[in-house]
There are 2 protein chains.
Amino acid sequence: MTSAEDAAHIADVVRDPSGETLVAARTVGPGVPVLAFDVGGTDIKSALFDADGTALGLRRTPTPAADGDRTAVLIDRLGVLAAELQADHPDVIPRAAGLVVPGIVDADAGLGVFASNLGWKNSPLRDLAAARLGLPVAFDHDVRAASWAEHRLGGARAYANSVVLVIGTGIAGALLVGGEPYTAGGYAGEIGHSPIADGPVCPCGARGCLEMVASAGAIARRYRDATGIAPDGAKDVIARAAAGDPVASEIWDSALDALTLSLAQLTAVVAPEAIVIGGGLSRAGGALFDELRARLTARLSFHRIPALVPAELSGNAGILGAALRARELA
Amino acid sequence: MTSAEDAAHIADVVRDPSGETLVAARTVGPGVPVLAFDVGGTDIKSALFDADGTALGLRRTPTPAADGDRTAVLIDRLGVLAAELQADHPDVIPRAAGLVVPGIVDADAGLGVFASNLGWKNSPLRDLAAARLGLPVAFDHDVRAASWAEHRLGGARAYANSVVLVIGTGIAGALLVGGEPYTAGGYAGEIGHSPIADGPVCPCGARGCLEMVASAGAIARRYRDATGIAPDGAKDVIARAAAGDPVASEIWDSALDALTLSLAQLTAVVAPEAIVIGGGLSRAGGALFDELRARLTARLSFHRIPALVPAELSGNAGILGAALRARELA
């Protein structure tokens, strides 16, 4: 790809398929200017946060494709995005950058340990990004960074011990213990890939992963597979269930049961004060939160039932977390 | 009960039904002398730890019975046991006491929040014991104290992040995070009362609790219910399974599957470096550890499989933990 093609590609800002409007994120508060990148398998969110903490040039662009390990094309793309942000805002000089990515992340070592849809294994993303950007880079897991943002700015503010779940295409989680992220070398919080049944086999290789049954993506896929009708996302399946469609009802009911089992495990073992739920499915509102609260309470006994609260930062939690992490470096 | 009857009752040291020999515990190391009590629903272990850290007069006596809340009879009994230990060892003057109890325990507030088989609710056990003994009292949950002892002296020594499981009559657990107990106000670690299936209903009121299927007590009970034959504990059921008894095989297989599901949840979400397993079932050795390791590895994929290691302190971990906690006060 030439750099002209590349720039055109980046300019093609993707619409969020969930319909979420990507307007300005909340401020992260005053501090030094920082760059922030939230990298996913499909797209990258990028922005320059100014001294007031406002996101300038926030947008979503496609993650560049490559066979196998996408480290090199990603790092190059971050450089192009940074240069564009700098060119558009010459008076805002970033002093650090925050980079957050999915998968298994060893934040201390700066490594992307594993990410099925980005192809890397033990990729030294932090140091590569720092070299490309010429800035110190704070590096973290996307959902842990999002949970950090929810803890500092959003739905988890009131809780020192909480679990943040993002239920979208997949299901990702992050634990906060004593007000700090609990990482276990990057392996903690894989709630989407915790088993809740004997099947089906998940692309990750494990059996019965929660996200095969209960993610927004799985709910839509299961309905399509059962009926041949492609629903307009999980929210459409939930609406069909509410309208009496028996197939939609069974799928939504089994998804709620699977989520309840996972939340019950979390409640019994980790006992967070709150479980903060974001991602596409959280937009189901009471159909999700009231049902989960009732089923969890019915399922358990002496346990301390956590507050189930919606995430507040929506799709911007990851990039806000990246900016917060970068601020800690600068 | 008169105090003469009471003394006779205490002198009737109970044999451990698992056949475990209650010889001297390991030393807890040099320090000030302390009293230690590990209270269960059936019996109390008591000892006086001397300046070398050796347990003097270690024995197991029945927990006194009472209708409803057993706080008052327990506190009185602790006083009698302390007086006996003091009379037998007049030169060893304890400077503090450690008291550990089962159930939901708020260690910071000194409260026994709930214990189904001891009948209390929000009982101020720490302060009552301190008043009765005339000593500062360190108060904790029995399995958290046991896990602390395993971390300091036993099988969890090498691991900052670990989960200790005690699989006996029930299943209890405790989490260590960053080398410190993780308590969540006393609600964490209730792995035995985490759901793994839709049933059966547990005496705790929840459905499908792990300990209804996979504790040593449940394995023996399930075999008896299925065959009318009372086995000599879970180890007898495991031996019958190994010898080809199809009922025993099905029960042991389903217990292993249930344990695997819980350990897989723990691995995905908490990702401890090690899971330390004690209690009666841990004496099954390879029949337990090798099977769990193989099933857990087969069940998961990219996850970090924890080391599965036997507890080293056996039935004495609780009282050793109580002594360690008392030493921290003195």
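Helices and strands here are DSSP runs, numbered from the N terminus; a helix needs at least four residues and a strand at least two. Keep in mind that this is a predicted model.

**Stop 1: a loop in chain A**

Select Asp50(A). It sits in the loop between β2 (43–49) and β3 (55–62) of chain A. Does Asp50(A) have a salt bridge, or no salt bridge, and which side chain of opposite charge is nearest? Asp50(A) is buried and has no salt bridge. The nearest side chain of opposite charge belongs to Arg327(A), 5.7 Å away.

Now show Asp52(A). Its backbone nitrogen lies 2.9 Å from a polar atom of the Asp50(A) side chain. Next, display the surroundings. Leaving out residues up to four places away in sequence, Asp50(A) touches Gly31(A), Val32(A), Pro33(A), Leu56(A), Val92(A) and Arg327(A).

**Stop 2: a helix in chain B**

Move to Ala234(B). You are in helix α7 of chain B, residues 233–242. Is Ala234(B) buried or exposed? Ala234(B) counts as buried because its relative accessibility is 9%, and the cut-off for buried is under 20%.

Select its contacts. Apart from residues up to four places away in sequence, Ala234(B) touches Ala216(B), Ile219(B), Ala220(B) and Leu281(B). Then pick Ala284(B). Ala234(B) and Ala284(B) are 50 residues apart in sequence, yet 8.7 Å apart in space, C-alpha to C-alpha.

**Stop 3: salt bridges**

Over all chains, the structure holds 34 salt bridges.

- Select Asp232(B) and Lys235(B). Their side chains meet in a salt bridge at 3.9 Å, N to O. Both Asp232(B) and Lys235(B) are exposed.
- Select Asp198(B) and Arg207(B). They form a salt bridge, with the closest N and O atoms 3.6 Å apart. Asp198(B) is exposed, at 59% relative accessibility. Arg207(B) is partly exposed, at 33%.
- Select Glu328(B) and Arg325(B). Their side chains meet at 2.8 Å, N to O. The two are 3 residues apart in helix α10 (residues 317–329) of chain B, so about one helical turn separates them. Glu328(B) is partly exposed, with a relative accessible area of 45%. Arg325(B) counts as buried, at 14%.

Now switch to chain A. There, salt bridges that share partners join Asp140(A), Arg144(A), Arg325(A) and Glu328(A) into one network.

**Stop 4: where the chains meet**

Show both chains. How many residues does each chain bring to the contact? Chain B gives 39 residues and chain A gives 39 residues. Between them the chains bury about 3300 Å², 61% of it on carbon and sulfur atoms. In chain B, select Val269(B), Arg299(B) and Phe302(B). These lose the most area to chain A, together 22% of what that side buries.

Finish on the side of chain B that touches chain A. The elements giving two or more residues to this side are β10 (171–177) and α8 (246–269) of chain B. Color α8(B): its 8 residues are the largest share of that side. By class, the side has 23 nonpolar, 11 polar and 5 charged residues.

Note on methods
Residues numbered from 1 in each chain as written. Chains lettered and ligands numbered in written order. Predicted model: local features only at pLDDT ≥ 70, side-chain atom pairs only at ≥ 80, totals over all residues. Heavy atoms only, no water. Contact = heavy atoms within 4.5 Å. Buried area = accessible area lost by both parts, 1.4 Å probe. Nonpolar A, V, L, I, M, F, W, Y, C, P; charged D, E, K, R; others polar. Buried < 20%, exposed > 50% of the residue type's maximum accessible area, 1.4 Å probe, protein only. Lys, Arg positive; Asp, Glu negative; His and termini not counted. Salt bridge = Lys/Arg side-chain N within 4 Å of Asp/Glu carboxyl O. Polar contact = N/O pair within 3.5 Å; in protein donor to acceptor, adjacent residues only side chain to side chain.
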